[in-house]
Amino acid sequence: MTTIIDGKQVAASVIDAVKYATASLQADAGVKPGLAVVIVGDDPASHAYVSSKSRMAKECGFNSIQHTLPEETTQEELARLVETLNADESIHGILVQLPLPKHLNSDPIIQSIRPEKDVDGLHVVNAGKVATGDLDGGLVSCTPAGAMVFVRRVHGDDLSGLNAVVIGRSNLFGKPMSALLLAANATVTTAHSRTRDLAAVCRNADILVAAVGRPEMVKADWVKPGATVIDVGINRVAAPEKGGGKSRLVGDVAFEECAKVAGVITPVPGGVGPMTIAMLMANTVIAAHRKAGRTPPKF
């Protein structure tokens with residue numbers, strides 16, 4: 001029988017651990033983790049994400065601060081706000097919601113966040129620490145960190161002897177995911193659009209991670225029988241069966257057919273998605289522990 005991972009359930013267990021770590025830090029060191037979320041403009045999807053992040057931060061017992069800036073905010077004004085948050089001792093995590101309005105350049109803003117407060121894990125210092133295997137010194141990008149929680153719960157901490165294939169080489173997910181699997185001793189192949197005979201490469205994977213943004217690209221004959229399949233894709237496709245103009249969410253994996261072959265598989269929605277906010281909360285409480293000179297919890 002194939003095991004379908006319930007991402008909401010795993011995310012809830014991470015949040016429980018975050019709440020416990022938050023309460024312990026407050027009791028032992030008198031420190032309350034602080035998370036500042038910055039949003040610029042009126043994008044409805046971004047506002048929905050930010051609301052759920054702020055709500056979860058409050059639920060975890062954090063000092064949750066939201067800065068909502070108008071669409072016409074200048075690069076200099078946004079940079080000044082980040083500098084103020086960098087200097088604020090009560091703030092342990094800073095998150096600037098992407099994408100920013102078109103007239104703003106996101107990269108210098110992200111790189112101006114202090115690495116120890118970069119709870120999105122996007123600063124080059126944090127990316128470099130992940131790439132060099134220093135997982136205890138930096139903050140890991142939230143989505144690959146969440147995907148690794150699934151992998152560890154299935155296979156344990158040591159992936160020695162296992163072949164892992166990551167389809168996708170983005171800086172946001174593919175590269176850090178490959179680095180995390182490598183740090184856990186897996187033998188890792190990073191595949192992408194230029195990979196020759198991609199299906200054959202994937203069939204060799206004990207752990208197959210798909211993150212390419214192409215709806216249901218991975219078919220059943222790409223999957224090694226009994227493999228663990230982690231689907232990171234979120235694609236909206238037409239769903240005429242629901243009525244005119246309706247759509248539904250699918251991943252990069254053809255779920256129904258691949259579920260018949262895989263040993264473990266994540267669904268879309270309800271798989272990796274819920275883990276991203278959970279790992280953002282985990283990174284914030286890790287950052288707060290480090291600032292207080294305490295050993296941070298493992299998630």
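Tutor: Gladly. Two strands pair if DSSP finds at least two bridges between them; strands (E, at least two residues) and helices (H or I, at least four residues) are DSSP runs, numbered from the N terminus. This is a predicted model, in which local features need pLDDT of at least 70 and side-chain atom pairs count only at pLDDT 80 or more, while totals for chains, interfaces and linings use all residues. Residues are numbered from 1 along each chain as its sequence is written, and side-chain values use heavy atoms, with hydrogens and water left out.

Student: Which residue is the bridge partner of L35 in β4?

Tutor: G93. Strand β2 (residues 34–40) and β4 pair in the parallel sense over four bridges.

Student: What is the strand order of the open sheet?

Tutor: The order is β3-β2-β4, with parallel pairing. β3 (63–69) and β4 are the edge strands, each pairing on one side only. Helix α3 (residues 75–87) lies across β2, β3 and β4 and runs at about 180° to β2. Angles run from 0 to 180 degrees between N-to-C directions, and axes are lines fitted to C-alpha atoms, for helices over the stretch in contact.

Student: At what angle do α6 and α7 pack?

Tutor: At about 35°, with their axes 9 Å apart. Contact means heavy atoms within 4.5 Å; here P144, A145, A147, M148 and V151 of α6 meet P176, M177, L180 and L181 of α7. By class, that contact has nine nonpolar, no polar and no charged residues. Ala, Val, Leu, Ile, Met, Phe, Trp, Tyr, Cys and Pro count as nonpolar, Asp, Glu, Lys and Arg as charged, and the others, Gly among them, as polar.

Student: What is the volume of the largest pocket?

Tutor: About 1,300 Å³. A pocket is an open set of points on a 1 Å grid over the protein atoms alone, where a 1.4 Å probe fits, with protein on both sides within 12 Å along at least five of seven lines; lining residues have an atom within 4 Å of a point. A volume is the space filled by probe spheres set on the points, which are joined across faces, edges and corners. Of the 43 lining residues, Y49, T143, I234, G273 and T276 are closest to the centre. The lining divides into 25 nonpolar, 11 polar and seven charged residues.

Student: Which element gives the most to the lining of the second largest pocket?

Tutor: α10, with five residues. This pocket has a volume of about 610 Å³, and L135, D136, R152, K298 and F299 lie nearest its centre among its 23 lining residues.
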